[in-house]
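Hi everyone, thanks for coming. Please have a look at the model on the screen, and then we'll walk through it together.

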Amino acid sequence: MTGKCNRCGECCKVIPILLKGIAPETKEWLMARGAKEDTNQGYLLIPHVCQQLIENAGEITCAIHDTDQYPLACARYHGFGHFYKPEGCGYLKV
Ligand code: SF4
Ligand code: SF4
């Protein structure tokens with residue numbers, strides 16, 4: 001994998017679901033409620049800002065990082081071979 005995390009926090013503001021795994025009626029239902037498609041990366045994106053995200057004077061941090069409440073999905077996010085990269089993500093800069 002190339003690039004690196006610039007701690008923009010954008011991946012903490014969306015729930016990405018692989019488009020290929022979604023039934024058409026579910027996709028339609030979610031899009032009527034604000035979800036957006038990213039066909040380039042193959043995801044349906046549900047806007048959702050994580051309650052643990054802290055934005056303070058330009059500093060982005062996670063309130064539960066380094067605690068036993070830190071989700072495995074967040075800890076392994078960059079380790080997934082295929083993961084959603086929001087606009088501005090440091091892993092898009094190759
Ligand atoms: S738990 Fe922390 S790293 Fe995971 S989405 Fe929320 S703010 Fe981001
Ligand atoms: S979107 Fe990319 S650069 Fe931004 S915090 Fe998430 S992994 Fe890091």
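How much space lies in the largest pocket? About 940 Å³. Before I go on, a word on the ground rules: this is a predicted model, where local features need pLDDT of at least 70, side-chain atom pairs count only at pLDDT 80 or more, and totals for chains, interfaces and linings use all residues. Residues are numbered from 1 along each chain as its sequence is written, chains are lettered from A and ligands numbered from 1 in the order in which they are written, and side-chain values use heavy atoms, with hydrogens and water left out.

Now, what is a pocket here? Rolling a probe the size of a water molecule over the atoms shows where empty space is left. On a 1 Å grid over the protein atoms alone, a pocket is an open set of points where a 1.4 Å probe fits, with protein on both sides within 12 Å along at least five of seven lines; lining residues have an atom within 4 Å of a point. Points are joined across faces, edges and corners, and the volume is the space filled by probe spheres set on them.

Our largest pocket has 36 lining residues, and Cys11, Cys12, Tyr70, Cys74 and Tyr77 lie nearest its centre. Strand S1 gives the most to that lining, with four residues. Helices (H or I, at least four residues) and strands (E, at least two) are DSSP runs, numbered from the N terminus.

Who sits in there? Ligand 1 takes up the space of the largest pocket, meaning that more than half of its atoms lie within 2 Å of the grid points. Around ligand 1 we find, among others, Cys12, Cys50, Cys62 and Cys74, each with a heavy atom within 4 Å of it.

Let's turn to salt bridges: a side-chain nitrogen of Lys or Arg within 4 Å of a carboxyl oxygen of Asp or Glu. The whole structure has three. Glu10 pairs with Lys13 at 3.1 Å between the closest N and O atoms, and Glu55 pairs with Lys13 at 3.6 Å. The remaining bridge joins Glu37 and Lys27 at 3.0 Å. Glu37 is in strand S2 (residues 36-38) and Lys27 in helix H1 (residues 24-31), so this pair ties together parts 10 residues apart in sequence.
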